[in-house]
Amino acid sequence: MARTMAEKVWEEHVVRRAEGEPDLLYIDLHLVHEVTSPQAFEGLRLAGRSVRRPDLTIATEDHNVPTQNLLAPIADPVSRKQVETLRKNCSDFGVRLHPMGDIDQGVVHVVGPQLGLTQPGMTIVCGDSHTSTHGAFGALAFGIGTSQVEHVLATQTLPMAPFKTMAVTVNGTLRPGVSAKDIILAVIAKIGTGGGQGYVLEYRGEAIESLSMEARMTVCNMSIEAGARAGMIAPDQTTFDYIKGRPHAPRGADFDAAVEHWKSLRTDEGAVFDAEVVLDADELSPFVTWGTNPGQGVPLDGSVPDPSSFEDPSARAAAEKALAYMDLKPGTPMREVRVDTVFLGSCTNGRIEDLRAAAEIIRGRRVAEGVRMLVVPGSMRVKEQANAEGLGRVFEEAGAEWREAGCSMCLGMNPDQLKPGERSASTSNRNFEGRQGRGGRTHLVSPQVAAATAVRGTLSSPADLDAR
Amino acid sequence: MEKFDVHTGRAVPLRASNVDTDQIIPAVYLKRVSRTGFEDGLFAEWRQSDPDFVLNRPEYQGASVLVAGPDFGTGSSREHAVWALQDYGFKAVLSSRFADIFRGNSLKGGLLTVLLPQPVIDRIWAAVEADPATEVTVDLVEREVRAPGAGVQEPFELDDYTRWRLLEGLDDIALTLRHTDAIGEFEAARKPWLPVTL
């Protein structure tokens, strides 16, 4: 019977199947960070259990870490304790850790792929909802809670109820200045923040196939913002080329055998998805959010919507509440919205290609008066690469702050936060109330829009900039 | 894990959709390394900034059933959201739609999340707002929610396996460890080129 890619990967990982019980799935890679793991390790200790496969586990410090003055101790004692706890846990249980200051430290979802640990057909989990990022390689990757982190540490498996499948087909070709971020923001606006609940999304179609690996990761990363735990893209030559030669990629004959297998993972001709949505890439333009959930977005050419235009009473109430929080008036053109801060980074848009795209726009220009721009690379390797290409200097010469790697202002667990009432254009993934700092207001944008916005001080696309 | 069979308590009407886990517990409250004491983080921002927020109202003190709008628990996978609700005293959450990860976390930890049609949620909201003493019973044995004051007697769906685990208060890890042999057999047949971290 014809099967989807998600079904194939699932079937390959069933350890045990019994009537009336969830399938027990094997987990190929477990990524660990400091925030969602301490209670899991403590649970192991209390039960006298060990980590079954430390060799399939890797940890890094990302959520809490400061992005400047790395040599100084972490100022916040509670953050410091959490990071120290991770170090002790990794040492006690034999787990490989990339701590602050290490060249392979960074946001966990940037680190896995760059090490070549993320490969097609794998099952990958992490106590972080943006684990969906790794689906860009054709892996089945999803976020889990701390109880499940403990379960995977102890057994390298998870009992899982089956998913449904949804095809997200993006036909056509993206126009210049339109990016992967705009695709996914448009998908979320179309199906809603709950539209993907219970589904694994498979992004397909011409526009998806033509994306680079970095761009595919941006798309899969925000699957969770559409309610889906996982999003996948079929592995192809772009995928194989990206993996080849990375530290943990298979080598020689193993690589060829792996590629043969990876090619077999594609969704079969005639396989049936439980649902399908279709978008036309040619119709997409830079997308920005106006509200307090990622589904509340419009094209940058549009205006702040009028809540009374929503037929569904709960959507109307949500829009009213969001506009009050965001301090926006219906009908205001999005281009007139002024920002205080621009954040470029995160597991959504903190990879080298994102930095290149933004640097290309900002090169030879200045960050607008009164605007603070924070550029936070997704990992120290990304920082190293960016410096080698001269991008760090481009950002600094434009007046932006060029920081060290971490989650940073995406969620403001470290000192990088918005102040109450401040407004940001952010390449991260969530515009929730208070997400980037108490009382902060967030507009989600692509790296290109972030860079143009930094220059003009109002939400802008590169096309709005004067010639250099 | 504490067993769950039948719970009766007063309810809190939370008339908001898309309540994400950053609202349930903001990130600054996630820095603890202990498993308890997260009640101070529950809806911290709304409790601090809005005196009229439902949890600040005296008539809802001591309630143990949260009745929420659709798409409750979206966003971050933080299980702290479940712990904060439990530490505050909630035993069950009723909604017409839950985010997947939050739902999974809640049922692992013994916080019963119950899916009910929105019109039923609307009726419970109205009854609880008219009379905050209205009691709601969440009966896992019969898989039914009853709120006589709201004229509600509504069955809900939950798979047999999860129901059994909650009724018995069983820990998933202990259940899985009974299949260690099967895990070992699976591992022996894994593809040799799959990556290792050590």
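Predicted model: local features only at pLDDT ≥ 70, side-chain atom pairs only at ≥ 80, totals over all residues.
**Nonpolar core**

The largest nonpolar core has 195 residues. Those touching the most other members are A:Ile183, A:Ile362, A:Ala454, B:Val67, B:Leu85, B:Leu94 and B:Ile124. Helix α6 of chain A, residues 180-191, gives the most to this core, with eight residues. In soluble globular proteins, nonpolar side chains tend to be buried together.

For A:Ala454, contacts beyond four places in sequence are made with A:Val342, A:Ile362, A:Val367, A:Ala368, A:Val371, A:Met373 and A:Ala400.

The buried residues are A:Glu214, A:Ala215, A:Arg216, A:Met217, A:Thr218, A:Val219, A:Cys220 and A:Asn221. They pack against the chain A elements listed below.

| Element of chain A packed against by buried residues of α8(A) | Residues |
|---|---|
| α4 | 108-114 |
| β10 | 199-204 |
| β11 | 230-232 |
| α12 | 346-349 |
| α13 | 352-362 |

Helix α6 of chain A also belongs to this set.

A:Pro113 is part of helix α4 of chain A. This proline counts as buried because it has 24 C-beta neighbours inside 10 Å, where 20 or more are required. Leaving out residues up to four places away in sequence, A:Pro113 touches A:Thr118, A:His134 and A:Met217. Of these, A:Met217 is among the buried residues of α8(A). Between A:Pro113 and A:Thr133 there are 20 residues of separation in sequence, and their C-alpha atoms are 9.4 Å apart.

**Contact between the chains**

Chain A puts 67 residues into the contact and chain B 46 residues. On the chain B side, the elements giving two or more residues are α1 (21-24), α4 (100-109), α6 (160-168), α7 (172-177) and α8 (180-188). Of these, α4(B) gives the most, with six residues. The side of chain B that touches chain A comprises 19 nonpolar, 14 polar and 13 charged residues.

**Sheet in chain B**

Chain B has an open sheet of seven strands with mixed pairing, in the order β4-β3-β2-β1-β5-β6-β7. Its edge strands, β4 (112-115) and β7 (152-155), each pair on one side only. On average, neighbouring strands are turned by 25° against each other, direction ignored. Strand β3 of chain B, residues 92-95, pairs with β4(B) in the parallel sense over four bridges. Within these strands, B:Ala92 is opposite B:Leu112 of β4(B).

Definitions and conventions:
Residues numbered from 1 in each chain as written. Chains lettered and ligands numbered in written order. Core = buried A, V, L, I, M, F, W, Y, C linked by C-beta atoms within 7 Å. Buried ≥ 20, exposed ≤ 12 C-beta atoms within 10 Å, placed from the backbone. Contact = placed C-beta atoms within 7 Å. Nonpolar A, V, L, I, M, F, W, Y, C, P; charged D, E, K, R; others polar. Pairing = 2+ DSSP bridges. Axes fitted to C-alpha atoms, helices over the stretch in contact; angles between N-to-C directions.
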